[in-house]
Amino acid sequence: MPYEDTYRPRPGFGYVRTLSRREELPLLRDHLLRLDPESRHDRFNGFLDDSFIESYAEKCADDGTIIVAYMESGIVRGAAELHPAEQSEDGLPEVAFSVEKCVRRHGVGSVLFKRLISEAQWRGHRRLRITTGAQNQAMRALAAKFGACLIFRRGESTGTLDVPPQPQAELAKLAIDTPLVAARAMMNLNRACWRLFSRMYSSGRAA
């Protein structure tokens, strides 16, 4: 049966966030399974079956891969992956991107790339490895936009991208997603405990 996706993007309703671990595994898996045949070929440098996709998503959930997702209505429509450095031959973290056909030409790839670079900066990486299929012109253009120079080797395009130091203000923006939320929750808890303690102390004095 030919692949068909009738979803239509809703401009202004999408957002980007870093996925958590195994709780978010189905989101990445389902996104990769929705890729049309051409996109799947470009992403994995070959036509691969569903069982491979499912095993791949499972591996990403277990090995420490960072997944930055573009989401609409709670569904992942684009993903940028930052794989652990120890998995590559040259010791560089490798990155990969996938964007569903229905949301292309909306700047999703650029937004994901920027966020992935911020994630790499946050973790202290200075250089990233980019590998993609030789025919994946969209990925090659996106990589070039951010300063990567890809060369053809062993049937694929590969190259590196230098990660610039990030200003503290930008690091603070990235931290908003998790630490600041946690800090605010702790502050609210502390305030609630202090109010409870104050009421108990006041009641004790009155007695």
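Which residues of helix 2 (residues 37–44) are buried?

1. The buried residues of helix 2 are S39, R40, D42, R43 and F44, where buried means under 20% relative accessible area, exposed over 50%, and partly exposed in between (1.4 Å probe, protein chains only). This is a predicted model, in which local features need pLDDT of at least 70 and side-chain atom pairs count only at pLDDT 80 or more, while totals for chains, interfaces and linings use all residues. Residues are numbered from 1 along each chain as its sequence is written, and side-chain values use heavy atoms, with hydrogens and water left out.

2. The buried residues of helix 2 pack against helix 1 (25–34), helix 3 (50–62), strand 3 (75–82), strand 4 (94–99) and strand 5 (127–133), a contact being heavy atoms within 4.5 Å. Helices (H or I, at least four residues) and strands (E, at least two) are DSSP runs, numbered from the N terminus.

3. Helix 2 is followed by N45, whose phi is positive, near 55 degrees. N45 and Q135 are 90 residues apart in sequence, yet their C-alpha atoms are 8.7 Å apart in space. Q135 sits in the loop between strand 5 and helix 5 and is exposed, with a relative accessible area of 59%.

4. In the chain as a whole there are 6 helices and 7 strands, which run from the N terminus as β-α-α-α-β-β-β-α-β-α-β-β-α. Of the 207 residues, 40% count as buried. Among contacts with a separation of 6 or more, 65% are accounted for by residues 24 or more positions apart. The accessible surface comes to about 12400 Å², of which 56% belongs to carbon and sulfur atoms; the areas come from the Shrake-Rupley method with a 1.4 Å probe, and for residues only the protein chains shown count as cover.

5. The largest nonpolar core has 25 residues, and those with the most contacts inside it are F97, L112, F113 and I130. Such a core is a set of buried Ala, Val, Leu, Ile, Met, Phe, Trp, Tyr and Cys residues joined through side-chain atoms within 4.5 Å. Two or more residues come from each of strand 2 (66–72), strand 3, strand 4, helix 4 (108–122), strand 5 and helix 5 (137–145), and helix 4 gives the most, with 6 residues. Leaving aside residues up to four places away in sequence, F113 touches F97, I130, M139, L142, A143, F146 and L161. A second, separate core of 16 residues includes L25, A61, A69 and M71.

6. Helix 1 and helix 3 pack at an angle of about 150 degrees, with their axes 9 Å apart; axes are lines fitted to C-alpha atoms, for helices over the stretch in contact, and angles run from 0 to 180 degrees between N-to-C directions. On the helix 1 side L25, L28, R29, L32 and L33 take part, and they meet D50, I53, E54, Y56, A57, E58, C60 and A61 in helix 3.

7. Two further loop residues deserve a look at their backbone. S73, in the loop between strand 2 and strand 3, has a positive phi near 55 degrees and is exposed, with a relative accessible area of 52%. R105, in the loop between strand 4 and helix 4, has a positive phi of about 65 degrees although it is not a glycine, and is exposed at 86% relative accessible area. Most residues other than glycine have a negative phi.
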